[in-house]
Amino acid sequence: MAFIFMSAHAVPQLTIMLLLVASSESDTCDGNRGFPGRPGIPGVPGADGKDGPKGEKGDQGDDAVPMFGPKGDPGIHGFPGRPGQKGDEGLQGSPGGNGTKGERGVFTGVDAPNQHFVFSYKKSPRAQRVLKDGLIIFDIALISGEEDVLDSEGFFTVKIAGMYYISYHISSSSSACLKIQVGEEEKVRFCDSPGIIMVTAGSVLLPLKMDDKVSIQATEVSSIFSRDTDCTFTGFLLFPD
């Protein structure tokens, strides 16, 4: 038996020729039909077809649980914003507490109005019997500055706070019991009662505040004599606060 070897390209051509011969014989011959031949070799895949129509919208899915990823790193600081409009003025706050006391100043030798003060008054030339706690009135100014320092009742009112030297000189015909008083507080008292005309004096250093009232008052019934002698009330500022 002889074998015929054909190339792979010749097999499809031979198959087509055999089919044509069989068809021709079936149309002209009355013989019996032969057995079906073997299936041919699959052809080459055809080209892709056109896209089909858009499908219907699908059903809604089940409720999903939101998932959050880890917190990211902080971003870079942005540029400062523009200043806003000025707000309304706030309510006034309560006064602050007193500050600490400052250090004592240095003496400069420069004269200033608030660094010195002095006054001196004398009593009118007449005898006066002063009862206990009565004020002795010194009504004639010897040194008083631009305005009267002692009022009509006999009080010296402090205008510059500081350390003062206060003194009096009194002539008495029998007794002189006197005190130097600041407001309602007695500071010092002196008493002389020799029974003859004599001169008595008293003095004291006092730290005084603004509006303190200083006076010379009797501690007992006293006879003040100022007809042929003078009675004086003097004070001066040693240094201000």
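**Confidence first**

Colour the protein by pLDDT, the predictor's confidence in each residue, from 0 to 100: the lowest confidence is in helix H1 (residues 10–28), with a mean of 53, and the highest is in S9, at 90. Helices (H or I, at least four residues) and strands (E, at least two) are DSSP runs, numbered from the N terminus. This is a predicted model, in which local features need pLDDT of at least 70 and side-chain atom pairs count only at pLDDT 80 or more, while totals for chains, interfaces and linings use all residues. Residues are numbered from 1 along each chain as its sequence is written, and side-chain values use heavy atoms, with hydrogens and water left out.

The protein has an average pLDDT of 78, and 80% of the residues score at least 70. Select residues 1–8, where pLDDT stays under 50 and the model has one contact (heavy atoms within 4.5 Å) beyond four places in sequence. Residues 24–29 also stay under 50, and for them the model has one contact beyond four places in sequence. Where pLDDT is low, the predicted coordinates should not be read in detail.

**The four-stranded sheet**

Next, display the open sheet of four strands, whose order is S4-S9-S6-S7 with antiparallel pairing. Its edge strands are S4 (156–157) and S7, each of which pairs on one side only. Two strands pair if DSSP finds at least two bridges between them. Strands of a sheet pair through backbone hydrogen bonds, either parallel or antiparallel.

Zoom in on strand S6 (residues 176–182) and strand S7 (residues 185–192), which run antiparallel and are joined by seven bridges. Which residue of S7 stands opposite Lys-179? The residue is Arg-189. Further along, Gln-181 has Glu-186 in S7 as its bridge partner. The two strands form a hairpin with two residues between them, and Gly-183 in the turn has a positive phi of about 65°.

**The disulfide**

Show the cysteine side chains. The structure holds one disulfide, defined as a pair of cysteine sulfur atoms within 2.5 Å. The bond joins Cys-177 to Cys-191, with an S to S distance of 1.7 Å. Because Cys-177 lies in strand S6 and Cys-191 in strand S7, the pair ties together parts that are 14 residues apart in sequence.

Is Cys-177 buried or exposed? Cys-177 is buried, at a relative accessible area of 6%; buried means under 20% relative accessible area, exposed over 50%, and partly exposed in between (1.4 Å probe, protein chains only). Cys-191 is partly exposed, at 47%. Select Cys-231 as well: this residue is buried, with 0% relative accessibility.

**Ser-215 in strand S9**

Move to Ser-215, which lies in strand S9 (residues 213–218). Ser-215 is buried, with a relative accessible area of 0%. Its side chain makes a polar contact of 2.9 Å with that of Gln-217. A polar contact is a pair of N or O atoms within 3.5 Å; within protein, one must be able to donate a hydrogen and the other to accept it, and residues adjacent in sequence count only if both atoms are side-chain atoms. Apart from neighbours within four places in sequence, Ser-215 is in contact with Leu-135, Gly-154, Phe-155, Lys-179, Ile-180 and Gln-181.

**The aromatic cluster**

Select Phe-117, Phe-119, Phe-138, Phe-156, Tyr-164 and Phe-233, which form one aromatic cluster. Rings of Phe, Tyr and Trp (its six-membered ring) pair if their centres lie within 6.5 Å; planes under 30 degrees apart count as stacked, over 60 as edge-to-face and the rest as tilted.

The structure holds nine aromatic pairs. One of them, Phe-117 with Phe-119, is tilted, at 6.3 Å centre to centre and 45° between the planes. Phe-117 is partly exposed, at 22% relative accessible area, whereas Phe-119 is buried, at 0%. The rings of Phe-119 and Phe-156 also form a tilted pair, with centres 4.4 Å apart and planes at 35°. Phe-119 lies in strand S1 (residues 118–122) and Phe-156 in strand S4, so the pair ties together parts that are 37 residues apart in sequence. Phe-156 is buried, with 1% relative accessibility.

**Last stop: His-116**

Finally, select His-116 in the loop between H1 and S1. His-116 is partly exposed, with a relative accessible area of 45%.
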